[in-house]
There are 2 protein chains.
Amino acid sequence: MSHPTAIEVANEFWRLMATNDFHCVVAVLAPTFVMEWPQSKERIRGAERFAQMNKEYPAHGSWKFSVNRIVGGEAEAASDVSITDGVQSARAISFFTVEEGKITRLVEFWPEPYAPRKGRAHLVEAME
Amino acid sequence: MSHPTAIEVANEFWRLMATNDFHCVVAVLAPTFVMEWPQSKERIRGAERFAQMNKEYPAHGSWKFSVNRIVGGEAEAASDVSITDGVQSARAISFFTVEEGKITRLVEFWPEPYAPRKGRAHLVEAME
């Protein structure tokens, strides 16, 4: 039996996250699952801790997830996802490592808005 | 003749960036090349403007690029690259769209360090 590709697993991960029942996301995580946030140098080991962290994260109602893009191949994928609870908004860039159809490693970045750098207006245009 | 995959083109892009001769990077950019920075809502149209922007960006000597990872497939790829000029350091997450061996679109994120969120120390460990 062939396993789903990393792209398929990443899609399923975000489908399950969208249920807001974070415990059910454990279904696509490997027993050795590790998540890393390089910006804050935090690491979460284990599917249960990951589910608990999401459950405990302060939210104003339910989270909505908009998948802007998922790219990748058999064993690795990257996603760009916009997330909001109606009050807070964020964008997550996530790198997935998948083995035998389960996510073994997730490396996640949370880029924040910043003001355009001065002095390059002659080269850039504003996005809507 | 088959064209190189998006992963191969992304590798070549970073190899050319590492020369610090930003004009030579134009070789892997399509005539319709567009780059977007969603965080600052800036867009650069055209390979020449992209090269000029990099040339004009204030640097302390040469930029060094460390490719942490490139994932993707035939037409799309994502890279995670650490960049420093010895004084300034940054991390770029870049999504490449490739057609016929040339980059048509680059969407780039620049995540900054942030402090760990309080109240989740029971779930996380510190990365080195």
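Two strands pair if DSSP finds at least two bridges between them. Helices (H or I, at least four residues) and strands (E, at least two) are DSSP runs, numbered from the N terminus. Those terms are needed below.

This is a predicted model, in which local features need pLDDT of at least 70, side-chain atom pairs count only at pLDDT 80 or more, and totals for chains, interfaces and linings use all residues. Residues are numbered from 1 along each chain as its sequence is written, while chains are lettered from A and ligands numbered from 1 in the order in which they are written.

Chain A has two helices and seven strands. Read from the N terminus, their order is α-β-β-α-β-β-β-β-β. Along the principal axes, the C-alpha atoms occupy a box of roughly 55 × 35 × 25 Å. Chain A has 128 residues, and 30% of them are buried (20 or more other C-beta atoms within 10 Å of a residue's own, with C-beta atoms placed from the backbone).

Now look at strand β6 of chain A, residues 102–109. Which strand runs antiparallel to β6(A)? Strand β5(A), residues 89–99, does, and seven bridges join the two.

Technical notes:
A residue is buried if 20 or more other C-beta atoms lie within 10 Å of its own, exposed if 12 or fewer, and partly exposed in between; C-beta atoms are placed from the backbone.
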